[in-house]
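Let's walk through this structure together, one neighbourhood at a time. Keep the viewer open as you read.

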Amino acid sequence: MWLTKDDFHIKAENFDLSNGLNILRIICGLFLFPHVAGKFAGGAVSAATAGFFAKAGFHPPEVWVVIAAASESAAGIALVLGICTRFAALGATALLLFAVYALQVVKGFGWTWNTGGYEYPVFWAITSLVVAIEAWKTHLAQAKPSARALPASAAA
């Protein structure tokens, strides 16, 4: 039920854009990359980002920025490629919920993204959760033995 070799295979069916869930999964992954890029300026951790992490209570902030960037990169790559999707999507959900927490601590309640609120990370957390749920459903359906697959002697 947990990780299998199949979770690490990049399959052509993961890029079938006639499947709306593939589009959603890929977009969830791609939209993590601007979060990574925004944490750095001139090849180093952005002072503004480090300051935000410090205000949110993550110390030492530079280390937490790098951890966040590495986690977002890993989840983004996995989602885009369709590998370990159910875990990557849960990881993305958790990362985005940490972003909501940090915004709440630093700025207080605010909803709309253009005023520094957490509308955007809440939306993407829910979207990533949907991807995770669908990936788990697919995984469980494939893992469940089919009655048709049983030999005739076992069915009797």
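Trp124 counts as buried because its relative accessibility is 10%, under the 20% cut-off for that label. This is a predicted model, so please read every value here as computed from it. The ring partner to look for is Phe31: the two rings form a tilted aromatic pair, 4.8 Å from centre to centre with 45° between the planes. Phe31 itself has 35% relative accessibility and therefore counts as partly exposed. What parts of the chain does this pair link? Phe31 lies in the loop between α1 (20-30) and α2 (33-37), while Trp124 belongs to helix α6, so the pair joins distant parts of the chain, 93 residues apart.

Next, turn to another ring pair, Phe53 and Phe58. Their ring centres are 5.8 Å apart and their planes meet at 50°, so this pair is tilted. Are these two residues buried or exposed? Both Phe53 and Phe58 are buried. In total, the model holds twelve aromatic pairs.

A packed pair of helices is described by the angle between the axes and the distance between them. For helix α3 (residues 47-55) and helix α4 (residues 61-81), the axes come within 8 Å and cross at roughly 105°. That angle falls in the range of 65 to 115 degrees, and α3 and α4 are therefore roughly perpendicular to each other. On the α3 side, Thr49, Ala50, Phe53 and Ala54 make the contact, and α4 answers with Pro61, Glu62, Trp64, Val65 and Ala68. Sorted by type, the residues of this contact are seven nonpolar, one polar and one charged.

Now for the nonpolar cores. The largest has 15 residues, and the members that touch the most others are Cys28, Leu32, Ala75, Leu79, Ala89, Ala92 and Val131. Helices α4, α5 (85-107) and α6 (119-143) each supply at least two residues of this core, with α5 giving the largest share, five residues. To see one member up close, pick Ala75: leaving aside residues up to four places away in sequence, Ala75 touches Leu32, Ala88, Ala92 and Leu95. A second, separate core has six residues, including Phe53, Phe58, Val65 and Ala102.

Methods. Residues numbered from 1 in each chain as written. Predicted model: local features only at pLDDT ≥ 70, side-chain atom pairs only at ≥ 80, totals over all residues. Heavy atoms only, no water. Axes fitted to C-alpha atoms, helices over the stretch in contact; angles between N-to-C directions. Helix = DSSP H or I, 4+ residues; strand = E, 2+ residues; numbered from the N terminus. Parallel < 35°, antiparallel > 145°, perpendicular 65-115°, else oblique. Contact = heavy atoms within 4.5 Å. Nonpolar A, V, L, I, M, F, W, Y, C, P; charged D, E, K, R; others polar. Core = buried A, V, L, I, M, F, W, Y, C linked by side-chain atoms within 4.5 Å. Buried < 20%, exposed > 50% of the residue type's maximum accessible area, 1.4 Å probe, protein only. Phe/Tyr/Trp six-rings, centres within 6.5 Å; stacked < 30°, edge-to-face > 60°.
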